[in-house]
Amino acid sequence: MTDAEQRAETVIQDVTEDMLKEEIFVHITETELITVLDLPSTSVSAESDDAPGVRENNSRYAEVCSTCSGTDKYVNVSVQKMKGPAKNKQAQTDPVTFVDSDSITMSLALDPYNALSTEQSESESNVIPHWMTYKKAEVETSKAEDASLSSSRSASSDLVDLSLVSVISSRTSGDEIGSSLTPELELQMLMSSESFHNCLQLMERVILANILQPQLASYRLLHNIKDGDVNVGKVEQLQGEVVEVTEDCKGPQPPAVELLWVFSCRLTRGHSVTTMAWNKKNPDVLAVGYSNFGYGYHKPGLVCCWSIKNTKWPNRVIHCDGPVTSLNFSYNNPSQLAVGLLDGTIVIYNIYDQHIKSCVYSTNDSPSRHMGPVWQLKWCHLSPDLSTKSVDSLFSVAADGRISKWNQGSNGLDCRGMPAVCYNDISLLKATVCVCVCVGPQNSNIYLIGTWDGLIHKCTRSNTQHSLETYRSHLCAVNAVVWSPFSPDVFLSCSSDCTIQLWKQYHLRPLLTFTCITGAVEDIKWSQRQAAVFGAVSEKQLLIWDLSLNMREPVIVQPTTPTANMKKLLFSTETNCVLVGDSNGLVSVYQLKNLHEESSQVDVLDGVISSVLSS
């Protein structure tokens, strides 16, 4: 029976007079006292033996109470008890003044350059600027020299990376020590000073970063936030998050390329891009070789070290004695840049040096120098035995038919010849012109050699008598041979016979042959991010293949300008961009869009090759 039913059956009785007169007794008792804490006081006689210790404890306690009074953690209560809930207490104080302070933290100097170390900066800050100790005659002499330097540097915007603090300190010291200088001379000294150029360099980079912000965001695969859509919460949420930049579209879009920017300056006009290479340590540093030569004439070449932070002027400019045909950065020493010239000379520069005036090593006086143009340079990790640390050895391929290995010694570069190129285990009496070389990605003892007569030889350092394999398919000179970065048994080759061929190491016939109808294929490269993607350049077109989408035709065809011919190709190591150098001295940076992405890149390429072999 429920409580509601019981209440319904309860009979209500009327109160009678007898019920009101009835006496009711209520007994009230006190509950038992519960003691939470009881600290009884202790009384000690002043004449007892414990009296000195009690007095000392009492004085120590009184001292603690006096020092604690006034602090936020001190509460003066009669008994110890649990702290009650916090209460809001309003107080009237002076208004708090807020000041906005902004700071810019950026790497002004290129990472492999390190123009000045911290110790050098501290030591130089205590030295009086050199122009303050000049005598009057020395000032007049340096005035003319600095004027020409200032006019050329300001016209070309050739600025150097340093700190903004040095110019302020120099200016302050100049007011105290060089107050006797005339205003015109002081202005001339300021304009020609290196610190002033450093400030201009900083300002130039900040302006360029602001102008090219959408392009730089696309290059680094970051969100491109427009000025009108700035949301602080969204920016903090997306900070540090790398995503693929895609356009809002209703359906899938075909593969395409977008021009981001162009590396160009007045020094490169009239030159042709002959070679390009990324720095091994800093992927934002790009070295480009320029040459201007033809039949019967040639002019001195140029090497420019570009940075993503400044696309309008190179951070390092190296004027070479002859046309530049090849270059490459070292692995163990990323500051060392090897440059091959048309006359067969190999020079190594140290790009840490801010003002590069001479090379570190040179083969100009070596009896083992090449007698023809150096077509390609490759740095490789080599270790003589397991107990020694791997060192960088430089491989060079020249038109004289020699492939040389160079090691850095105390007396310069030491040359060691590589195996001769052979046919059917019979050494050639006449030297074969070697055009390109490619060292194995996993085994540095195995390398491929492309020759002028269209053959590709697989050689090894341990066998100095003959080549291991010979791949015969091209009809003209092999311009480039590249191993796949994802599959160690697959490589590509391109030739002047207008074909590109896909090979597997243990198959002597090509698996796939691609034809370029616009002319000879100048260069070819694998993508560093997608296993099935590679690119090639002919004279008038940039061609991008994606074997996962189409194994016969290129998915992207980008024509060049009518007045330029594409010469060199280079994929970015960390982004989905490709760089193209042309005959006008321009290096164009293109972003690849809408290409097929797979989680396992190795499986994609292996699946394509398996389907070709099974067909």
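Which residue's side chain meets that of Glu258 in a salt bridge? The legends below give the partner.

This is a predicted model: local features need pLDDT of at least 70, side-chain atom pairs count only at pLDDT 80 or more, and totals for chains, interfaces and linings use all residues. Residues are numbered from 1 along each chain as its sequence is written, and side-chain values use heavy atoms, without hydrogens or water.

**View 1. Glu258 pairs with Lys593.** The N to O distance in this salt bridge is 2.4 Å. A salt bridge here is a side-chain nitrogen of Lys or Arg within 4 Å of a carboxyl oxygen of Asp or Glu. Glu258 sits in strand β1 (residues 256–263) and Lys593 in strand β30 (residues 587–593), so the pair ties together parts 335 residues apart in sequence. Helices (H or I, at least four residues) and strands (E, at least two) are DSSP runs, numbered from the N terminus. Glu258 is partly exposed, at 34% relative accessible area. Lys593 counts as buried, at 17%. Buried means under 20% relative accessible area, exposed over 50%, and partly exposed in between (1.4 Å probe, protein chains only).

**View 2. Glu17 and Lys21 form a salt bridge.** Their closest N and O atoms are 3.3 Å apart. The two residues are 4 apart in helix α2 (residues 17–21), about one helical turn. An α-helix has 3.6 residues a turn, so residues three or four places apart point the same way. Glu17 is exposed, at 54% relative accessible area. Lys21 is exposed too, at 60%. The whole structure holds 6 salt bridges.

**View 3. The largest nonpolar core has 26 residues.** Such a core is a set of buried Ala, Val, Leu, Ile, Met, Phe, Trp, Tyr and Cys residues joined through side-chain atoms within 4.5 Å. Ile500, Ile524 and Phe534 have the most contacts inside the core. Elements giving two or more residues include β22 (499–504), β24 (523–526), β25 (533–537) and α11 (601–614). Helix α11 gives the largest share, 5 residues. Beyond four places in sequence, the contacts of Phe534 (heavy atoms within 4.5 Å) include Leu492, Phe514, Trp545 and Phe571.

**View 4. Helix α8 covers residues 194–211.** At 1.5 Å a residue, its 18 residues should span 26 Å; the end C-alpha atoms are 26 Å apart, which agrees. The expected span is 1.5 Å times one less than the number of residues. Buried residues of α8 include His197, Cys199, Glu204 and Leu208.
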